[in-house]
Protein chains: 2
Amino acid sequence: MRILLVGAGGVGSAAVAIAARRTFFDTMVVADHDPARAARAVAGHGDRFVAATVDASSADAVAALCREHQITHVLNAVDPRFVMPIFDGAFAAGADYLDMAMSLSRPHPDRPYAETGVKLGDEQFAVADQWSAAGRLALCGIGVEPGLSDVFARYAADELFAEVDEIGVRDGANLTVDGYDFAPSFSIWTTIEECLNPPVVWEADRGWYTTPPFSEPEVFEFPEGIGPVECVNVEHEEVLLIPRWVDARRVTFKYGLGNEFIEVLRTLHKLGLDGTAPVRVGGVSVSPRDVVAACLPDPATLGDRMRGKTCAGTWVRGTGPDGNPREVYLYHVVDNEWSMREYGHQAVVWQTAVNPVVALELLAAGAWRGTGVLGPEALPSKPFLDLLTGYGSPWGMEER
Amino acid sequence: MRILLVGAGGVGSAAVAIAARRTFFDTMVVADHDPARAARAVAGHGDRFVAATVDASSADAVAALCREHQITHVLNAVDPRFVMPIFDGAFAAGADYLDMAMSLSRPHPDRPYAETGVKLGDEQFAVADQWSAAGRLALCGIGVEPGLSDVFARYAADELFAEVDEIGVRDGANLTVDGYDFAPSFSIWTTIEECLNPPVVWEADRGWYTTPPFSEPEVFEFPEGIGPVECVNVEHEEVLLIPRWVDARRVTFKYGLGNEFIEVLRTLHKLGLDGTAPVRVGGVSVSPRDVVAACLPDPATLGDRMRGKTCAGTWVRGTGPDGNPREVYLYHVVDNEWSMREYGHQAVVWQTAVNPVVALELLAAGAWRGTGVLGPEALPSKPFLDLLTGYGSPWGMEER
């Protein structure tokens, strides 16, 4: 297996550190628009890793880099603006493809908070037949959320329930960052994108529909000492992926943003600072959202100042195999102190990065195989969960 | 009198419309960095008005323009970053000078929320002797606040009180802007500057000192139907000007920001978006605060969508001439519906702009005269208040 990792930011760098301990692949080319960042990501990890420069907005550039290094699998670890050129570039070069976020949505032009417009992943699913016909696999949304959360949904449906009423991905943390008034632990660009877009919900008798941002607040109790966190509906790939392969009456995603973060996002939106279209400022043009990101510390550099745990998981309610009501929460917790000590990467990016490495190892071993555009829930869950545990990062389950 | 007005934004354009109805001056040159904006400001107001282009950051450019047009009085109507070059340029060219905001402050390096550092106007007062020696007048802070509020302080001390305990400038409004989630009715650049700097307070036995932002909240009852508004301490020129010429035990400035606006300002600060130092974004450098301003509608263009009234005024507490305790609020209210109908300019910029025009007319008539760097409270209050009423915009007083 010869991997091209596109993006040497927080998640990409953590993926290098995780993959460096595994033997399943021959080469990993780590490409970034910033050659210095790519070089930093591979430094000290041995000669299977090669730094490269790439313009991720160019499918041709991605394809050329694939051909140059005879790439078999492309792992996309940049922000979701670049999904389509990397996806198309991998296809053009005959490589398989993995990502952790899908092609972007566009709200319904007239009823944005009621109906879906272009949905997350629609552009990728639109060409699924071409991928199938070519015998190529695009495994989409294989980070932690989407990713491990989808694997949990598959596992619950197969192993724990006779019938599923609701699948609700729930994400919460008790992370703090010393020395900053406000320092998000994940890409603010992506967080704005997913939190301010109209949240999407799926119901079996209604299909996909949207709501206003921050809808249906609920306090969810997270395990391992994190405790209760207020969660709200957020647009997320799981809601688009899970219903394609798993039978359920309702699928939601709620993010434990907390009140302060919700207020910040509301204010950015109120002031138009969430926008991506360039505005003229003095003699130059900039995207306001890029300015917001530039004013905040780079989340990948905050690991030393972070404390606490982050939890990703899937809550499922339905009827157990014995015919009785059942409710479970399948989850994965990473303690920042552990991920910093073991890998030198902070908890949120480490938790995202470990899953595509596990997936690549399953593909290398043949335990996962397929063609077309697939979500993680299209593939068997047990080998994934077993190998994740084998990586030293076990998952857990609470009966509720 | 030959006037150079620097800045054809909201306040500058309103000043043109107000001055156009008065006969006291011969020429007004209206200069802006944007020639189209200067041209728009003078259009239709007759041939006493001349549009020009100027770089307000260059004292040499300001002086050259003064000499070219034999300017006798420079009126500065741009944001306070440009106070010093315009002030210096006027002096170099032998012109008198008026502004509506003074040179900027810099917080105390170690104790920003307890002690003053460089205070508002310090750079201007530092050269007051040179202005006096040259027989030239710099009349500083002669908008509405500072400006009319300082005239009210002078009037109260001279005419209404035997002894003054406290002078508190209080500003509040019930303005709304149709069609926008958030649309400040005044320059956001200046609002951020004055609201996020440490507020300054003056006490006779302590001198000037500072507090954390948004300190000492109080609900102040505004007249003419505006009603109660939550006001907080804000850094403002009156606190630096009034104690130099008026005896009082305490001087404060409180701004009726309202909770939503305070939250917005807190969030901008938390995210570093209030900063003026350029940040790198992609291939360019921009000041985050300029980006915030660029994302919001231009307040000067919102008059048609605005509704309500704005109130500026000075609350005074002390001992009346009869030896009894007295408390008054001297105020000036502008109804946006009136200012739009009469002048085509929204209430907040119109209320700011009328005062320097009144002051220029008093200087032209010789009713106001002086040399050095003076605040409005250094000059007699009655001629000013009478002429303001003569402009069709009377002031009011409430005994409390």
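**View 1. The surroundings of B:A56 in a predicted model.** Leaving aside residues within four places in sequence, B:A56 is in contact with B:V6, B:V62, B:V78, B:F82, B:P85 and B:I86 (contact means heavy atoms within 4.5 Å). This alanine sits in the loop between β3 and α3 (59-68) of chain B; helices (H or I, at least four residues) and strands (E, at least two) are DSSP runs, numbered from the N terminus. B:A56 counts as buried because its relative accessibility is 10% (buried means under 20% relative accessible area, exposed over 50%, partly exposed in between, with a 1.4 Å probe and protein chains only). If you look for B:N259 as well, it is 203 residues away from B:A56 in sequence and 35 Å away in space, C-alpha to C-alpha.

A word on reading these views: the model is predicted, so local features need pLDDT of at least 70 and side-chain atom pairs count only at pLDDT 80 or more, while totals for chains, interfaces and linings use all residues. Residues are numbered from 1 along each chain as its sequence is written, chains are lettered from A and ligands numbered from 1 in the order in which they are written, and side-chain values use heavy atoms, with hydrogens and water left out.

**View 2. Helix α2 of chain B and its buried residues.** In this helix (residues 35-42), the buried residues are B:A38, B:A41 and B:V42. They lie on the same side of α2(B), because they cover an arc of only 90 degrees around the axis (the arc is that of the directions from the helix axis to the C-beta atoms). Their packing partners in chain B are α1 (10-19), β2 (27-32) and β3 (49-53). At the start of α2(B), a side-chain oxygen of B:D34 comes to within 3.0 Å of the backbone nitrogen of B:A36. Just after the helix, B:G44 has a positive phi of about 85 degrees.

**View 3. A:N197 and its polar contacts.** You will find A:N197 in the loop between α8 (188-196) and β9 (200-203) of chain A. With 12% relative accessibility, A:N197 counts as buried. Its side chain makes polar contacts with the side chains of A:S105 (3.4 Å) and A:E235 (2.9 Å). A polar contact is a pair of N or O atoms within 3.5 Å; within protein, one must be able to donate a hydrogen and the other to accept it, and residues adjacent in sequence count only if both atoms are side-chain atoms. Not counting residues up to four places away in sequence, A:N197 touches A:S105, A:I192 and A:E235.

View 4. The bond from A:E145 to A:P146 is cis, with omega near 0 degrees. A:P146 belongs to the loop between β6 (137-139) and α7 (148-160) of chain A. In chain B, the peptide bond from B:E145 to B:P146 is also cis, with omega near 0 degrees.

View 5. A:F214 is not a glycine, yet its phi is positive, near 65 degrees. At 7% relative accessibility, A:F214 counts as buried. Turning to chain B, B:E216 is found in the loop between β10 (207-210) and β11 (218-222). B:E216 has a positive phi of about 50 degrees, although it is not a glycine, and at 31% relative accessibility it counts as partly exposed.
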